[in-house]
Amino acid sequence: MLCAEVRDWVRANWDPRLELRAWRERLLEAGWAVPSWPTRWFGKGLPAWADDVVRGEIRRCGAVATVPAGLAGPTILEHGPDHVRERFLRPLLTGDEVWCQLFSEPAAGSDLAGLTTTAVLDGDEWVVNGQKVWNTSAHHADLGMLVARTNWDAPKHHGITYFALPMRQPGVEVRPLRQMNDHSSFNEVFLTDARIPRDGVIGEVDRGWTAALTTLANERKFLSMARASFDGIDPGPALDAAMAEAAESLKVYAWYPQRAGRVDLVAEHARTSGRNADATVRQEIAKLLSTNAIAGWTTERAKAALAVGRQPGPEGSIGKLALSEVARQAAKVHSLIAGAGGMLAGDAPDAPLAGLLAEILTSVPAQSIAGGTDEIQRNILGERALGLPREPDPNKGLPYRDARNR
Ligand SMILES: Cc1cc2nc3c(=O)[nH]c(=O)nc-3n(C[C@H](O)[C@H](O)[C@H](O)COP(=O)(O)OP(=O)(O)OC[C@H]3O[C@@H](n4cnc5c(N)ncnc54)[C@H](O)[C@@H]3O)c2cc1C
């Protein structure tokens, strides 16, 4: 029924000669951009599962699908206010404005609420000073989801505000970081008297922690980032522009499949290197493939919870831990197969998997850090699922200024 409706609409509206922007505007106006969003905000008020179904159906009709709403979209939608929704949602969904996440700081990662980047209201503008780090894609972002302290006299979680920071201004300096896998997808971002219009606040002043939790909850959904597929799309300017856009934005994610351990390559790796008859290798592969299948089911349970509009419970953290476990086991099995040669990187002539193995081994550690470390997932499970006592916090309730100085 839903798919038939989408098909009829696409048949009547898709024209491969359209420019990408014009096509996306049509999708927005018709409510097919994010069908789970309210009708007032470019959606159709359908359940969360409809987004994937509709995107898949649009693609099956040979048309270019919409850009996913990412992390900023759901946060702005949920926390507003309306003038912020009006200003930012449309260009986010047409792909005209790209966002990055400015959360982590050198001394505030797992303990994000311990952030010290500060925003002070000066007339009609907020003036921001501080430093962020590990900011994926900050080098090509137009806007940053920035959390900054606006009230040092409130307790830790209560004096934080969530801003939409214009990235292209003199007060914002983005410096790329080089990773041990030789990619460069992160940046340091230095904020020196950076300016944000007074009304560039997402949610409410000093209440940004709640909005930050919405972003973090959505981050878990994007951990197993799908690669864009354009197979079967009608050729034309919209397809060309969508492919160019995806190539640019996915460049920074080129190593993400390696970060997950490349389970898909393990059996073939064992066969081609003649190690598939070794009993230990076979045992380890069997263990990997079964753990991977079980992790997949847990991920499906988490997705199913989200699809019916429920936040995932323990399965979110269990699923994330399982993916870390699978990635580590995959790295171990690849190493067992390749032996010391696995350390050969780049274009060394006999580097296993044409040098990809070295990239796997240097990328897998990121799996247990991004989106909340393994230890933090265990804390969440202990406290929220198993009902264990919370970690002691001697500074609880103190003004953050005093807590920092203790
Ligand atoms: C691939 C990737 C992409 C990222 N993209 C972004 C981005 O776009 N924007 C952004 O802002 N950040 C980003 N990050 C940063 C990420 O959110 C942080 O690295 C993460 O939150 C951990 O913080 P940290 O690195 O400061 O480590 P720390 O918090 O300093 O942790 C160090 C170690 O201590 C452990 N630990 C800390 N607290 C506890 C505790 N209470 N109990 C037990 N153990 C604890 C941790 O588990 C870890 O092993 C990204 C990271 C990665 C790997």
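Me: Hi! Which helix gives the largest share of the shell around the ligand?
Reply: That would be H13, with three residues. Keep in mind as we go that this is a predicted model.

Me: How many residues surround the ligand, and which are the closest?
Reply: The ligand is surrounded by 20 residues, and the closest are Ser104, Ser110, Trp134, Thr373 and Glu375.

Me: What is the shell like by class?
Reply: It has nine nonpolar, eight polar and three charged residues.

Me: What about the side chains of Thr373 and Glu375, where do they sit relative to the ligand?
Reply: Thr373 has a polar side-chain atom 2.6 Å from an oxygen atom of the ligand. In Glu375, an N or O atom of the side chain is 2.6 Å from an oxygen atom of the ligand.

Me: And which part of Trp134 lies 3.2 Å from a nitrogen atom of the ligand, backbone or side chain?
Reply: The backbone: one of the N or O atoms there is 3.2 Å from that ligand nitrogen.

Me: How much of the ligand's accessible area does the protein cover?
Reply: On its own the ligand has 980 Å² of accessible area, and the protein covers 70% of that.

Me: Changing topic to the largest nonpolar core. Which residues touch the most other members?
Reply: Ile76, Leu93, Trp99 and Tyr162 do, in a core of 32 residues. Two or more residues each come from helix H4 (72-79), helix H5 (82-94), strand E4 (143-149), strand E5 (160-166) and helix H6 (208-221).

Me: Which of those elements gives the most?
Reply: H5 does, with five residues.

Me: Now Glu97. Where does it lie, and is it buried or exposed?
Reply: Glu97 is in the loop between H5 and strand E1 (99-102). It counts as buried because its relative accessibility is 18%, and the cut-off for buried is under 20%.

Me: Which side chain does Glu97 make a polar contact with?
Reply: The side chain of Arg87, at 3.0 Å. Beyond its neighbours within four places in sequence, Glu97 is also in contact with residues including Phe88, Pro91, Leu92, Asp142 and Leu143.

Me: On to the backbone. Which residues does a cis peptide bond join?
Reply: Gly80 and Pro81, with omega at about -5°. Pro81 is in the loop between H4 and H5.

Me: What is phi near in Phe42 and in Ala354?
Reply: Phi is near 65° in Phe42 and near 50° in Ala354. Each value is positive, in a residue other than glycine.

Me: Where are they, and is each one buried or exposed?
Reply: Phe42 is in the loop between helix H2 (20-30) and helix H3 (50-60), and at 13% relative accessibility Phe42 counts as buried. Ala354 is in the loop between helix H11 (314-338) and helix H12 (356-363), and at 72% relative accessibility Ala354 counts as exposed.

Conventions. Residues numbered from 1 in each chain as written. Predicted model: local features only at pLDDT ≥ 70, side-chain atom pairs only at ≥ 80, totals over all residues. Heavy atoms only, no water. Core = buried A, V, L, I, M, F, W, Y, C linked by side-chain atoms within 4.5 Å. Buried < 20%, exposed > 50% of the residue type's maximum accessible area, 1.4 Å probe, protein only. Helix = DSSP H or I, 4+ residues; strand = E, 2+ residues; numbered from the N terminus. Polar contact = N/O pair within 3.5 Å; in protein donor to acceptor, adjacent residues only side chain to side chain. Contact = heavy atoms within 4.5 Å. Near = heavy atom within 4 Å. Areas by Shrake-Rupley, 256 points an atom, 1.4 Å probe, with all protein chains shown as cover. Nonpolar A, V, L, I, M, F, W, Y, C, P; charged D, E, K, R; others polar.
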